[in-house]
Amino acid sequence: MQVEFYRHALTEEDIDAVSKVLRSVFLTTGPVAASFEKQFSELTGLKSTVSLNSCTGAMHLALLALGIGPGDEVIVPAMTFIATATVVTHCGARPVLVDVEPDTAMIDPAKVEAAITPRTKAIIPVHLYGAMADMRTLRIIADKHKLFLIEDCAHCIEGERDGVRPGMLSNAACYSFYATKNLTCGEGGALATNDTKLADQVRLLRQHGMSKEAADRYGGNYKHWDMIALGWKYNLNDVLSALMIHQIPRLEKQLGERERVWNIYDETCAQIPGVDVPRIAGKSARHLYTVWVPAEKRDACLQYMQERGVGVAVNYRAMHTLTWFVDTFGFKADDFPIAFEIGQRTMTLPLYPGLNSECAQYVAKTLCKFFIK
Ligand SMILES: *Cc1c(COP(=O)(O)O)cnc(C)c1O
């Protein structure tokens, strides 16, 4: 049997929506992007959405729009995808890593407090694997020290914890529509916020700091534009926006499909000694199913699964052990021992709506066989 690591769940309806844009006049950011933004705001319950070409771009512009730059520090977890930290460096600020909770793998609020200095300006919690970080506690810390909160929601559109959804307690929530994410257009992202001024600033920065976007410049008569800030080129075009319009109403149903697979994996993992899974608080968006196997067996386990046709991945090896971080900041493995250990133990199993239960059983059985030979 062959079980791919990931398969998208795009339908003919999605493809037709893209064809319609391709047959129209307007290909860049225009009416379809605008209607996607409106739809996404309704989904998140947040006032404004600015569509962008990546989550990386969303976090970068959030930091810039909040005025973060040289001399500033921004706190990020050591267990995340690299973009959470590199965007801080791109602003000229310093990413300050903190260790994670051993049971959730998410940023540890107690360690956040310990890492705050007079230079600290913001915290970027990551809702890892689809479950949410402890936003209520982080909000209290941010208030106490007057810090911005920017959420890395690349894994978490559908999550909720303690009555809190992404974006409710932060300055901005940053989403990814990358190829393997729960909502996808191949490459894309968005910033969602209740701060309409911040949204306006990000909208300006996504297109060179130009006072008018293409839709305004060429819709009807030509109008002069000005450049009023130094911006970037991070807008999402109408072709890609169209791919997501019909996915949004399907999100909850697809979450249910991933839940079905998740439960099969959960049942199996509970029976294997030495294998743990992260604790989930609240409702998870169920983006990645990661198992923690004994560190000394992880790489052999990855190989075993792949030899038997099961696609697997690692999300993630601890960020501070990657070469650029070691070279730039002089990190040692035991600077963040919990993130390091999780990074040595973690393995991600296939998880997507189209994965049928028979395939999920095969994945679970294969994992079982590696441990109980
Ligand atoms: C995918 C991902 C990103 C980056 O998203 P892009 O849209 O590819 O820029 C950032 N953070 C996490 C946790 C991710 O998984």
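Me: How far is a nitrogen atom of the ligand from an N or O atom in the side chain of D152?
Reply: This is a predicted model, where local features need pLDDT of at least 70, side-chain atom pairs count only at pLDDT 80 or more, and totals for chains, interfaces and linings use all residues. Residues are numbered from 1 along each chain as its sequence is written, and side-chain values use heavy atoms, without hydrogens and water. The D152 side chain reaches that ligand nitrogen through an N or O atom, and the distance is 2.8 Å.

Me: Which residue places a polar side-chain atom 2.7 Å from an oxygen atom of the ligand?
Reply: A backbone N or O atom of C55 lies 2.8 Å from a ligand oxygen. The 2.7 Å distance, from a polar side-chain atom to an oxygen of the ligand, belongs to H155.

Me: How much of the ligand does the protein bury?
Reply: Taken alone, the ligand exposes 380 Å² (Shrake-Rupley method, 1.4 Å probe). Of that area, the protein buries 92%.

Me: Which residues around the ligand come nearest?
Reply: The ligand has 14 residues around it. Those that come nearest are T56, D152, H155, S176 and K181.

Me: How many disulfides are there?
Reply: A disulfide is a pair of cysteine sulfur atoms within 2.5 Å. By this rule the count is zero.

Me: How far is the nearest cysteine sulfur from C269, and is C269 buried or exposed?
Reply: C269 is in no disulfide; the nearest cysteine sulfur is that of C368, 8.2 Å away. Buried means under 20% relative accessible area, exposed over 50%, with a 1.4 Å probe and protein chains only. At a relative accessible area of 5%, C269 is buried.

How values were computed:
A residue is near a molecule or strand if one of its heavy atoms lies within 4 Å of it. A polar contact is a pair of N or O atoms within 3.5 Å; within protein, one must be able to donate a hydrogen and the other to accept it, and residues adjacent in sequence count only if both atoms are side-chain atoms.
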